[in-house]
Amino acid sequence: MESALEAVQFFANSANSVRVFEALANGVTTSSGLAEQTGASRSTVARILDEGESRGWIESEGSRYELTYLGEFMIEEFRAHLQRVAGGQQLGGALNYLPEPAQELDVAALRDAELTTPTADWPNAHLNRALELYRSADRYRGLTQIAPDIIAQTLADQVTQNQLELEGVIEAEFIECLRDDPERAAPWHAFADQVWVYDGRIPLNMHLIDEKVVLWLNHAGSNRLEGGGLLESENPTVVAWAESLYQDYRVEAEPLDPSRLPGP
């Protein structure tokens, strides 16, 4: 019996093997049909089919071929592995900045994520991208550790102009920081009645903007909006995870009492 590594190498060493098995996953077909679908030569397809049959992954009847249950299992597992690797490659070094709650996500769900990262020439690239998203949004929900003044003011401007439906959950500790600073607290009065306060630690800064998840990437344990940059995803798995996480904190939070903020 071949080793697991050898089984993986059958796919990893040949893109044509992956294409042939993915084509077979769509249903019974012929070798000529596989050559047409995959663009591989007939001799290459014949070799892959022979090797697949010898492993018990493919079975044939006359000129027609189909995957066995084991063959379906092997290509599905390899494809899932490939998608996870693609997710890791898409994030690259930014994966090191993924907040702990987001680490429970299957990285494969992040393979189509968009990243905006700071550079020496543009250290605020991720912040500028976030502001752009807020200004173009119709609906915003925030799960927030800390909100820089420029973000609070941008959101307040959008709400005041009736251009944004907003609600959010924020750490009680941050609200306490506003109590003795009327200037910083001023924008919060625009949406104070839509803010909930969580009495505890919120382990990430995450926003649901329309149908998109926006996640701030930072150093482990940090509550600063600096570091790895900004991740955006519309993947249904990521959106469902974010919706659930937001609701978990929302139900444990209490409405913000506007009197906790210094006067407008």
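Helices (H or I, at least four residues) and strands (E, at least two) are DSSP runs, numbered from the N terminus. An axis is a line fitted to C-alpha atoms, for helices over the stretch in contact, and angles run from 0 to 180 degrees between N-to-C directions. This is a predicted model: local features need pLDDT of at least 70, side-chain atom pairs count only at pLDDT 80 or more, and totals for chains, interfaces and linings use all residues. Residues are numbered from 1 along each chain as its sequence is written, and side-chain values use heavy atoms, leaving out hydrogens and water.

**Stop one: a helix pair.** Select 15–24 (α2) and 31–38 (α3): they pack at about 115°, axes 10 Å apart. Now show side chains: R19, V20, A23 and L24 of α2 meet L34, Q37 and T38 of α3 (contact means heavy atoms within 4.5 Å).

Next, pick β1 (29–30) and β2 (58–61), the edge strands, each pairing on one side only. They belong to an open three-stranded sheet, ordered β1-β3-β2 with antiparallel pairing (strands pair if DSSP finds at least two bridges between them). Zoom in on T29, whose bridge partner in β3 is Y65.

**Stop three: Y134.** What does Y134 touch? Leaving aside residues up to four places away in sequence, its contacts are Y140, I151, T154, L155, Q158, H207, I209 and W216.
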